[in-house]
Amino acid sequence: MFTENEMLLRSELFEGLDADAVRSMLALVELRTFAVSERIAAEGERASQVFYVVRGLVRLTKAESGGREADVCVCEQGDTFAEYLVPGGDVYAQGAWAADITELALFDLPGLRQLAAENSGVQRNVMRIMARHLLGSLECIAGDRLHTAAQRVANYFVSRCPEATAQATFRLPYQKRILAGKLGLAPEALSRAFGTLSDAGVAVKGRMVSIGNVALLRDAC
């Protein structure tokens, strides 16, 4: 069943593994589909699985003492999360919620730990994913300190514009709440950024974005 799932086998967890290791990895996997807004894992919950997004979107969240939650990451198709538990740890550091109809591959954590201890290729792949996530977190921190909310949104919009175009219109691939989490913003900060960028010819209606002057928007980055 799983050997026919190209998306799963393209996971970085499988990269460079021999056939025996691939079979051992697949034996640890359960596929499960989550409904929109369904909780996948609770922050502080005893951990039992590592997750890979076969399709859909996952919000990772952190909660403050008062109970308010903030999105800290949005995982898309092809992303792995909770891999930091393989070297050790008992609980999930973030909450996880399906932001769309989402299919996940759930890797049994004790089995994955044992396999990583026995197979240097599995261990290497886990460490590579952890390193990429660490670097991504540092880039987010740098973005928070170096760029305003409007600059972060402007950079994202520019990345969606075709090269050498004066104007552009495109549809956001996510709901605005998901985009806010992806950019490290509160939803209200995202709305204010949209308003600020209207001076650069940006108009947002629902999920449609129109940019009247791409060059002017680049200057706002």
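User: What should I know before I start?

Analyst: The model is predicted, so local features need pLDDT of at least 70 and side-chain atom pairs count only at pLDDT 80 or more, while totals for chains, interfaces and linings use all residues. Residues are numbered from 1 along each chain as its sequence is written, and side-chain values use heavy atoms, leaving out hydrogens and water.

User: How many salt bridges does a search of the whole structure find?

Analyst: Side chains of opposite charge can pair when their charged atoms come close. Here a salt bridge is a side-chain nitrogen of Lys or Arg within 4 Å of a carboxyl oxygen of Asp or Glu. The search finds nine.

User: Which residue forms a salt bridge with R55?

Analyst: E103 does, with the closest N and O atoms 1.9 Å apart. E103 lies in strand β8 (residues 102-108) and R55 in strand β3, so the pair ties together parts that are 48 residues apart in sequence. Strands are DSSP runs of E, at least two residues, numbered from the N terminus.

User: Is E103 buried or exposed?

Analyst: Buried means under 20% relative accessible area, exposed over 50%, and partly exposed in between (1.4 Å probe, protein chains only). E103 is buried at 14%, whereas R55 is partly exposed at 42%.

User: Where does R59 pair?

Analyst: R59 meets D71 in a salt bridge, 2.9 Å from N to O. R59 is in strand β4 and D71 in strand β5 (residues 69-75), so this pair ties together parts twelve residues apart in sequence. R59 is buried at 8% relative accessibility, and D71 is buried at 17%.

How values were computed. Helices (H or I, at least four residues) and strands (E, at least two) are DSSP runs, numbered from the N terminus.
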